[in-house]
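Here are my notes for your first read of this model. Keep the structure open beside them and check each point as you go.

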Amino acid sequence: MTSEINRDWLSAITSADHADVIAYRDLAFAAMGGNSRAKDTLGHIFRGANGVLAYHLIASACADQMTDGEIGRSAQRAEDSIAPILKTPRASDALLAKMTDESAPKLLTLRINAGLTQKELATRCGMNIRQIQKIESGEIKLQNTILKNAVALADALGVEIKELL
């Protein structure tokens, strides 16, 4: 792979909803950190994307579409997600535990497969778009949302709630 982004990937990023661009950048960082669901999701969205270079190129292209404040918040989310791991005595165990909490990329994958934007999903399930964004970015764990919202999300996506959780 060269150090230039695939034209199809760039087209997908520049034509995506702004909230999705932010989510793609967060996913790219999660993939660079070893999150297998994030890797799978990026591979589905950006055909053929695999490896740190591809994830870096995607993150960089997304950053070009974001404000400095959004980039800073995205970087802070990435730092916050690894900070507890680095402070634990057995970092490898903590990293493994962190990588198994992959509900955020799962929601993103299901939403994209359903052909919905974050706004459309929020409208269908009666949630605030910011809640959807926080779940997809990993800021809020889906398992910690109220049951009513989890059921509404599953219904809006046309999946069983167990698929979502």
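1. Start with a term. A nonpolar core is a set of buried Ala, Val, Leu, Ile, Met, Phe, Trp, Tyr and Cys residues joined through side-chain atoms within 4.5 Å. Here the largest such core has 23 residues. Ile13, Tyr24, Leu42, Phe46, Ile58 and Cys62 have the most contacts inside this core. Helices H1, H2, H3 and H4 each give two or more residues to it. H2 gives the most, with 7 residues.

2. Now the second core. It is separate and has 17 residues. Leu107, Leu116, Met127 and Leu157 are included in this second core.

3. A word on confidence. This is a predicted model. The mean pLDDT of the protein chain is 79, and 83% of its residues reach 70 or more. Where is confidence lowest, and where is it highest? It is lowest in helix H6 (residues 91-100), at a mean of 42. It is highest in helix H8 (residues 118-125), at 90. Over residues 89-101, pLDDT stays under 50. The model has 12 contacts beyond four places in sequence for that stretch.

4. Look at the aromatic rings next. The structure holds 2 aromatic pairs. In one of them, the rings of Trp9 and Phe46 have their centres 6.5 Å apart. Their planes are at 70 degrees, so this pair is edge-to-face; the cut-off for that label is over 60. Trp9 lies in helix H1 (residues 7-15), and Phe46 lies in the loop between helix H3 (36-45) and helix H4 (52-63). The pair therefore ties together parts that are 37 residues apart in sequence.

5. Tyr24 and Phe46 also form an edge-to-face pair. The distance is 5.2 Å centre to centre, with 80 degrees between the planes. Tyr24 sits in helix H2 (residues 18-32), and Phe46 in the loop between H3 and H4. This pair links distant parts of the chain, 22 residues apart. Trp9, Tyr24 and Phe46 form one aromatic cluster.

6. Buried means under 20% relative accessible area.

7. Check helix H3. Leu42 touches Tyr24, Leu27, Ala28, Ala31, Ala49 and Tyr55, leaving aside residues up to four places away in sequence. His44 is also found in H3. His44 is partly exposed, with a relative accessible area of 45%. The C-alpha atoms of His44 and Ile112 are separated by 9.7 Å. These two residues are 68 residues apart along the chain.

8. Gln118 deserves a look. It is found in helix H8. Why does Gln118 count as buried? Its relative accessibility is 3%, and the cut-off is under 20%. Which residues does Gln118 touch, not counting those up to four places away in sequence? They are Ala19, Asp20, Ala23, Arg111, Ile129, Ile132, Gln133 and Glu136.

9. Finish at helix H10 (residues 147-157). Its buried residues are Asn149, Ala150, Ala152, Leu153, Ala154, Ala156 and Leu157. Leu157 is also part of the second core. An α-helix has 3.6 residues a turn, so residues three or four places apart point the same way. Gly158 follows H10, and its phi is positive, near 70 degrees.

Note on methods: Residues numbered from 1 in each chain as written. Heavy atoms only, no water. Buried < 20%, exposed > 50% of the residue type's maximum accessible area, 1.4 Å probe, protein only. Helix = DSSP H or I, 4+ residues; strand = E, 2+ residues; numbered from the N terminus. pLDDT = per-residue confidence, 0-100. Contact = heavy atoms within 4.5 Å. Phe/Tyr/Trp six-rings, centres within 6.5 Å; stacked < 30°, edge-to-face > 60°.
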